[in-house]
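Here are a few notes on the pockets and the core. Have the model open while you read.

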Amino acid sequence: MEKANYLSRVIFETIVLFLTWILLTESLATSELVFGLLIAVIISLGTANLFTEHGLAHLHPKRLFYLIIYIPYYIYQVIKANVQVVIIVLSPSLPIKPGIVKVKTNLKTDVGKLALANSITLTPGTITMEIEGEDVYVHWIKVDDESVEGATQSIVSPFEKFLKEIFQ
């Protein structure tokens, strides 16, 4: 993806900030919408070069489609992981095998790796500890497979197939 020009960056950042404003204020009153839009434009004019490199290219329909699919899929993964952790905690034998595993990611962008790291960390039972290039170190509450390939398949693959389409 090519770097966007300044105007594309400002417009994209304004859209993101304005939607965030609407979500946080929970109001569609005209005065609040105008004030929120004004604040979003002012902030975007000053920080557009810091916020994004690709501007409106983030709003490509294919990326939005995968993002919309990813959200319920991610919620499903979190619920599934919560159930697994509850089963582990309530089991009298407490069948845990904690450890740190190295996994690989095929994501190339920093934003994609950040989204992957946050997805892993916000899923109960795993915490992303460090990212070095394509290597991701993850603390896992129940290490089922210590091999890089096995751990990557269990931890990274469920998220990466969507994140690759959204952030690459």
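1. Which helix gives the largest share of the lining of the second largest pocket? Helix 3 does, with seven residues. This is a predicted model: local features need pLDDT of at least 70, side-chain atom pairs count only at pLDDT 80 or more, and totals for chains, interfaces and linings use all residues. Residues are numbered from 1 along each chain as its sequence is written, and side-chain values use heavy atoms, with hydrogens and water left out.

2. That second largest pocket holds about 480 Å³ of space. (A pocket, on a 1 Å grid over the protein atoms alone, is an open set of points where a 1.4 Å probe fits, with protein on both sides within 12 Å along at least five of seven lines; lining residues have an atom within 4 Å of a point.) Of its 19 lining residues, K80, A81, Q84, W140 and S154 lie nearest the centre.

3. The largest pocket has a volume of about 840 Å³ and 30 lining residues, with H58, V111, A115, I166 and F167 nearest its centre. Elements giving two or more residues to this lining include helix 1 (6–25) and helix 2 (30–51).

4. Now the largest nonpolar core: 22 residues, with Y70, V101, V103, I155 and L163 having the most contacts inside it. (Such a core is a set of buried Ala, Val, Leu, Ile, Met, Phe, Trp, Tyr and Cys residues joined through side-chain atoms within 4.5 Å; buried means under 20% relative accessible area with a 1.4 Å probe, protein chains only.) Helix 5 supplies the largest share of this core, eight residues.

Conventions: Grid points are joined across faces, edges and corners, and a volume is the space filled by probe spheres set on the points. Helices (H or I, at least four residues) and strands (E, at least two) are DSSP runs, numbered from the N terminus. Buried means under 20% relative accessible area, exposed over 50%, partly exposed in between (1.4 Å probe, protein chains only).
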